[in-house]
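Subject: Handing over a structure

Hi there,

Here is the structure I promised to pass on to you. Please open it alongside this message, and my notes on what turned up follow below.

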Amino acid sequence: MSALKKTAVTVAAALLPVLTAVPASADGKADGDKKQPQPPAAMSTVGGAKLGVAGTQVELGNGAPALPKKLSGRSWIVADAEHGDVLASHNAHWRLAPASTLKMLFADTLLPRMPKDEKHKVAPADLEGMGSGSSLVGVKENLTYSVHDLWLGVFLKSGNDAVHVLSEMNGGIPKTVADMQKHADELQALDTHVVSPDGYDEKGQVSSAYDLTLFARSGLQKKDFREYCATATAQFPGEKKKGKKRETFEIQNTNRLLTGANGVAQYPGIAGVKNGSTTHAGTTFTGVAERNGKKLLVTVMNPASTEPHAVYQEAARLLDWGFAAAGKVTPVGELVPPKSAATETGASPTPVSGESPEATGPAEAVTAASSGGSDGVGIALAVAGGVLIALAGGVFLVNRRWPLPDLVRRRPRP
C-alpha cells in the first residue's frame, strides 16, 4: 500500500464515526435521563489504538501507584507535556461540549497575529451575538483597549466580550471560527468542530480531552500564552472620565487551582491553563504543572460527582498520580505532532502559517501570581529561553521531545 493510501486510511479511521456532544446538566447527567450517557463504541485512534477504546486505559508497571478512586469525569487524560507520552486516559477521544476550554484554541490561533500594544476602540457591533449568560470581563463599547488588556480578559475572566472584540479585530466571527478550525486540523485535533470562538454552547460544537490537551501543549510553546494563563490577578481598564486618569479594577483568574480561591487548594507547581463551565459541557479543565523537572498536562471533562469543585479536585488527583507514576507506567498513546512538523530528527521545522519563531535568549522571570493558598507561596512564570531548542511557533520534531520552558518557580517566603 502506498504512503498516500496509508495516510488516507489512517485519517478515515480517525474521523469515523462522526459523533456529537451529549447534552448534560451541570451534575453530569444527561438532560431528561437519570442514567449516565455512555461513550461511543468506536472513537478516533489518533495518538494510538488504545485511545480509541472506551473506558480507562493504563498500563501499570512495578511500583506504579493505582489510579485515584474518586474519578467521575466522562473523559480525562494525563500526559507528559514535553515528551507527549499519554500516561493514562479515560474515553480520551469522546466528543463532548468543551465550554471555555476551547478558548485555548482561540488563543493559540490568534495570539501571534496581533501586537500586544495594538489598541482598538470597541464599536457596538463588536459586542453583538454573545450568548445569554456569557461570562464577561467588562468590555464597554466606545472605549479603547489594548490587545494585552483583551487577552487578560480572555485568560483570567474567560470574557466572551473580549473574545468577540479580538475576533472582530481578526476579521470577524466567521473568519475566526474558520481560522480556529484550520489550526485545529493542523494540530491533528480531529475531534474538534468549532462553531463559536468563545466555547459557548452551540449545536455541533465539540472537542475532546485529547484535543484540548493538544491545544494546551501547542499554546504553551508561546511566551505570551504562558504568561497569560499563569497570571492570577491583574488590573483591567474601566471607565474614562474627562480630565481624570482612566479607572481600573482588579480581575482574578477563574482557574481555582492557580489562585487557591473558593475553597480549592492551590496546586503546587501549577502554571495554567484554562477552565470552563456551561449547561451542556458541565465543567471542564485543562491544567499544566511542574514538579522536579517533570511537566504534566491533565484534562478533565464533565465530572458527574457531586463533590464541590469536582473538576479541580479530580484534576489535582490525576496530577498527583501522574507525578508519582512517571517512569513506572507504559504509555498508552502519544500526543501527536502538527501535520507540518518535520518528520526526521535533525530536520529544520517549518513555521505554521501566521506564527513566528519564539526567540531564545537569557532566562527571564515574569511574576504571574500572588498565592491565595494556605502556604502563602507565590507563583512565578519563568520564561527560560535557553531551555528551548529553535522552534518555530509550536512546530517540533517528531521523535524528539518538545521542550517547554521552566513553567513555575517558587518564590522564597518573605
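A word on burial to begin with: a residue is called buried under 20% relative accessible area, exposed over 50%, and partly exposed in between, with a 1.4 Å probe and protein chains only. This is a predicted model, so local features need a pLDDT of at least 70 and side-chain atom pairs count only at pLDDT 80 or more, while totals for chains, interfaces and linings use all residues. Residues are numbered from 1 along each chain as its sequence is written, and side-chain values use heavy atoms, with hydrogens and water left out.

First, the confidence. pLDDT is the predictor's confidence in each residue, from 0 to 100. The protein averages 81, and 74% of the residues score at least 70. A contact here means heavy atoms within 4.5 Å.

Now the overall picture. The protein has nine helices and 14 strands; these are DSSP runs numbered from the N terminus, with helices being H or I of at least four residues and strands E of at least two. Of its 414 residues, 54% are buried. Among contacts with a separation of 6 or more, 68% are between residues 24 or more positions apart.

Next, the charged pairs. A salt bridge is counted when a side-chain nitrogen of Lys or Arg is within 4 Å of a carboxyl oxygen of Asp or Glu, and by this rule there are 13. One of them joins Asp 80 and Lys 294, whose closest N and O atoms are 3.1 Å apart. That pair links distant parts of the chain, as Asp 80 is in strand β2 (residues 73-80) and Lys 294 in strand β10 (residues 294-303), 214 residues apart. Asp 80 is buried at 5% relative accessible area, whereas Lys 294 is partly exposed at 28%.

Lys 295 forms a salt bridge too, with Glu 82, and there the closest N and O atoms are 3.6 Å apart. Lys 295 lies in strand β10 and Glu 82 in the loop between β2 and β3 (85-90), so this pair ties together parts that are 213 residues apart in sequence. Both residues, Lys 295 and Glu 82, are buried. They also belong to a network of salt bridges that includes Glu 290.

What separates Lys 175 and Asp 179 in helix α5? They are four residues apart in this helix (residues 173-186), or about one helical turn. The two form a salt bridge with closest N and O atoms 2.8 Å apart. Lys 175 is partly exposed at 38%, while Asp 179 is buried at 14%. Helix α5 also holds His 183, which is buried at 7%. The C-alpha atoms of His 183 and Phe 106 are separated by 9.3 Å, although the residues are 77 apart along the chain.

Finally, a helix pair. Helix α3 (residues 147-157) packs with helix α4 (residues 160-169) at about 135 degrees, and their axes are 8 Å apart. The axes are lines fitted to C-alpha atoms over the stretch in contact, with angles from 0 to 180 degrees between N-to-C directions. That makes α3 oblique to α4, since angles under 35 degrees count as roughly parallel, over 145 as roughly antiparallel, 65 to 115 as roughly perpendicular and the rest as oblique. Residues meeting across the pair include Leu 150 and Trp 151 in α3, and Val 163 and Leu 166 in α4.

Happy exploring!
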